[in-house]
Amino acid sequence: MAFLPFPPGTLLHDPSTPAGAVWNHVLNEVSRAQGYCGQHWGYHIEEPGQVWYLVDWESVEAHTKYSTTPAYADINEALFPLFAPAPPAALPRMFHVRFQGLSGVWDEDAVKVSFFYMDNDRDMPATKTPLVAAALEQVTLLKDKMIGGWALEAMPSSSKDDRERRLFVLAQPWNGQQGSTMGDDKEFTAVYEALNGLSIHNEESTLRMKR
């Protein structure tokens, strides 16, 4: 997953614009990489200008190997002049998530993504960590097209502080209604009980997906 900060109003989905032509070139170049399995992208509704770019790789090693190629250097050289001037915290961010199972969620018109940042090293009792992990993983089995997985790198939250935390990412189709991502269904009772009272920082974002 990569978060890319473009100026608000940048029309990446329109290849007839200068930025759109560069973005179309990037998508085509990445699709030819060895180990590439698919890609999706969308505009962040709450933060106009931010684009989320998701690439499915055969393995982390395949992505790491691609990041050392001249082709990767070329697309970075093309993209970076398009990014909005921003403080270091808002610069492009990228991390890997191992999602569980298969889901067509990224093919939806809009997707709600939740980030669960866990203070498992300091604030969360060690005996609770497996319970929380199991609870979050169980969520992905309870709703159609919902998908979730653990980030392979520790990540700082965007709004709390700079301390890196263990991160679980949860995504599901969004219908425009407000409310909890997980909902109030009875089958989520065990999930809420496992999370109750623990130091978990939750952030949500909504994506308008493009093809």
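Mentor: This is a predicted model. The lining of the largest pocket divides into 27 nonpolar, ten polar and five charged residues.

Trainee: What makes a residue of that lining count as nonpolar, polar or charged?
Mentor: The residue type decides: Met, Leu, Val and Trp are among the nonpolar types, while Asp is a charged one. Now look at the residues nearest the centre of the pocket, which are Met1, Leu54, Val55, Asp56 and Trp57. By that rule Met1, Leu54, Val55 and Trp57 are nonpolar, and Asp56 is charged.

Trainee: How many residues line the largest pocket, and how much space lies in it?
Mentor: There are 42 lining residues, and the space is about 1000 Å³.

Trainee: Which strand gives the most to that lining?
Mentor: Strand E3 does, with five residues. Other elements that each supply at least two include strand E1 (2-5), helix H1, strand E2 (36-44) and strand E5 (97-99).

Trainee: Why are Tyr72, Ile75 and Leu79 of helix H3 (residues 70-79) called buried?
Mentor: Buried means under 20% relative accessible area, and Tyr72, Ile75 and Leu79 are in that class. These three cover an arc of only 65° around the axis, so they sit on the same side of H3.

Trainee: What is found on the other side of H3?
Mentor: Pro70 and Glu77 are there, and both are exposed. Exposed requires over 50% relative accessible area, so the two sides of H3 fall into opposite classes.

Trainee: What covers the buried residues of H3?
Mentor: The cover includes helix H1 (18-31), helix H2 (60-66) and strand E4 (93-94).

Trainee: Let's move on to strand E9 (residues 164-173). What makes it mostly covered?
Mentor: Seven of the ten residues of E9 are buried.

Trainee: How do you know that strand E8 (residues 155-156) really pairs with E9?
Mentor: Pairing takes at least two bridges. E8 and E9 have two, in the antiparallel sense, so they qualify.

Trainee: How many bridges link E9 to strand E6 (residues 110-118) and to strand E7 (residues 147-151)?
Mentor: E6 and E9 share eight antiparallel bridges, with Met118 partnered by Arg166. E7 and E9 also run antiparallel, joined by four bridges, and Gly148 has Leu170 as its partner in E9.

Definitions and conventions: Residues are numbered from 1 along each chain as its sequence is written. This is a predicted model: local features need pLDDT of at least 70, side-chain atom pairs count only at pLDDT 80 or more; totals for chains, interfaces and linings use all residues. Side-chain values use heavy atoms; hydrogens and water are left out. Buried means under 20% relative accessible area, exposed over 50%, partly exposed in between (1.4 Å probe, protein chains only). The arc is that of the directions from the helix axis to the C-beta atoms. Contact means heavy atoms within 4.5 Å. On a 1 Å grid over the protein atoms alone, a cavity is a set of points where a 1.4 Å probe fits but cannot get out, and a pocket is an open set with protein on both sides within 12 Å along at least five of seven lines; lining residues have an atom within 4 Å of a point. Grid points are joined across faces, edges and corners, and a volume is the space filled by probe spheres set on the points.
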